[in-house]
Amino acid sequence: MPRQDTPAPPRPGPTPAAVCVGESMAVLLPDRPGPLEAVENFRLSVGGAESNVAGALAALGVPTAWISRVGDDGFGRRLLAEVAARGVDVSAVAVDPHRPTGLYLKEVGGASGHHHDLGPGRSRLHYHRRGSAASALSPALLDDPAAAELLTGARLLHLSGITAALSDDCLALLRALLAERRPGRLVSFDLNWRPALWRERDPSVLPPLLDAADVLLLGADEAEDAFGTGDPAALRRRFPGPATVVVKDAARAVTALERDGSAVTEPALSVEVVEATGAGDAFAAGYLAGTIHGLDQRGRLRLGHLSAACALTAHGDQAELPPPAVVTALLDASAADWAATRVSAAGITCPALPSDRARAQ
């Protein structure tokens, strides 16, 4: 059958150094806390792990492309426009005339006393992605000229476990991408464990995928859920293949463990959290941008922490980093000054920063 897809807009800017592959969706955000039946209005936004990472990488000075599929509908057009507006190359995103763009709704807990209210500080995502355009991603992508050109020139390919759960074709694409090793190309893989996606699929397909990456990113809590342990040393033994295994222990610390047994641990920054959505993707982008820019392991971890902290202090999935001079000062700060750093929506305070260089938001 001839290919029905239509291409996205032509490529802007320089050839991307990084390529992120995976689904993104339209998002409906409620205008108030409480159960969905009590919500009067929703605000349209977009979200998705791989496009979040792509946008954050672009903001960190890494030319980046996002490859996926969207429906030939308003949600798909909105998604393409917003991701492109973040400076991301979307030239290899296919527009599917038969399948819709995926959608999810966010439910935010409140104090209404309603029987179905999740309660203050809690939230839940409701996904409507079965049969989405992105679920039709497959190894045929490798034969698409626009995608093949981007993948050939990329120094970094970023994937996640979400894609493996979407369909057999998506799983086959990940296997093909991980099997196609190219000199000079780093492959990163973020577990991004989503239990709801695996209820009707076999999660035993995940470990071989994770072990085939060069850089493996894991949350300690999600690894505990998926593999029975969140201990960094145990996870390093469980996945001997990657050159580096990065284990994120929530708001406490992140440890990067090398194949030779060496490890670097960097404590998280103190953050006044506004919204947690997108922090894991921001950390991944910061760490990977640090890798591309040639930072040492501690610098990569710090840039990941800083990116995540900025996402935590902003509404939505994307956040603006402080000016380059502030970033450099924080990356070079002593251990004591780093530990004393505080990040909030109002800005960053750190003994290593003159007061006039703290970030204002």
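Colleague: Quick one: in which sense do strand β8 and β9 pair, and over how many bridges?

Modeller: β8, residues 103–108, pairs with β9 in the antiparallel sense, over six bridges. Two strands pair if DSSP finds at least two bridges between them. Strands here are DSSP runs of E with at least two residues, helices are runs of H or I with at least four, and both are numbered from the N terminus.

Colleague: Before I go on, what sort of model is this?

Modeller: It's a predicted model, where local features need pLDDT of at least 70, side-chain atom pairs count only at pLDDT 80 or more, and totals for chains, interfaces and linings use all residues. Residues are numbered from 1 along each chain as its sequence is written, and side-chain values use heavy atoms, with hydrogens and water left out.

Colleague: Back to β9, then. Which residue there is the bridge partner of V108?

Modeller: That's S123.

Colleague: And what order do the strands of the open sheet have?

Modeller: The four strands run β4-β3-β8-β9, with mixed pairing. β4 (42–47) and β9 (123–128) stand at the edges with a single partner strand each, so one side of each has no neighbour in the sheet. From one strand to the next, the twist averages 25°.

Colleague: What holds paired strands together in general?

Modeller: Strands of a sheet pair through backbone hydrogen bonds, either parallel or antiparallel.

Colleague: Which strands does helix α2 touch?

Modeller: Helix α2 (residues 74–85) packs on the sheet and touches β3 (25–30), β4 and β8. Contact means heavy atoms within 4.5 Å. The direction of α2 makes about 60° with that of β4. Axes are lines fitted to C-alpha atoms, for helices over the stretch in contact, and angles run from 0 to 180 degrees between N-to-C directions.

Colleague: New topic: at what angle do α1 and α9 cross?

Modeller: Roughly 45°, with the axes of α1 (residues 49–59) and α9 (residues 279–292) coming within 8 Å. That makes α1 oblique to α9. Angles under 35 degrees count as roughly parallel, over 145 as roughly antiparallel, 65 to 115 as roughly perpendicular and the rest as oblique.

Colleague: Which residues meet there?

Modeller: A49, N52, V53, A56 and L57 in α1 meet D281, A284, A285, L288 and A289 in α9.

Colleague: And how far apart are the axes of α10 and α11?

Modeller: They're 10 Å apart, and α10 (residues 297–312) packs against α11 (residues 324–331) at about 125°. So α10 is oblique to α11. The contact is made by G299, R302, L303 and L306 of α10 with V327, L330 and L331 of α11.
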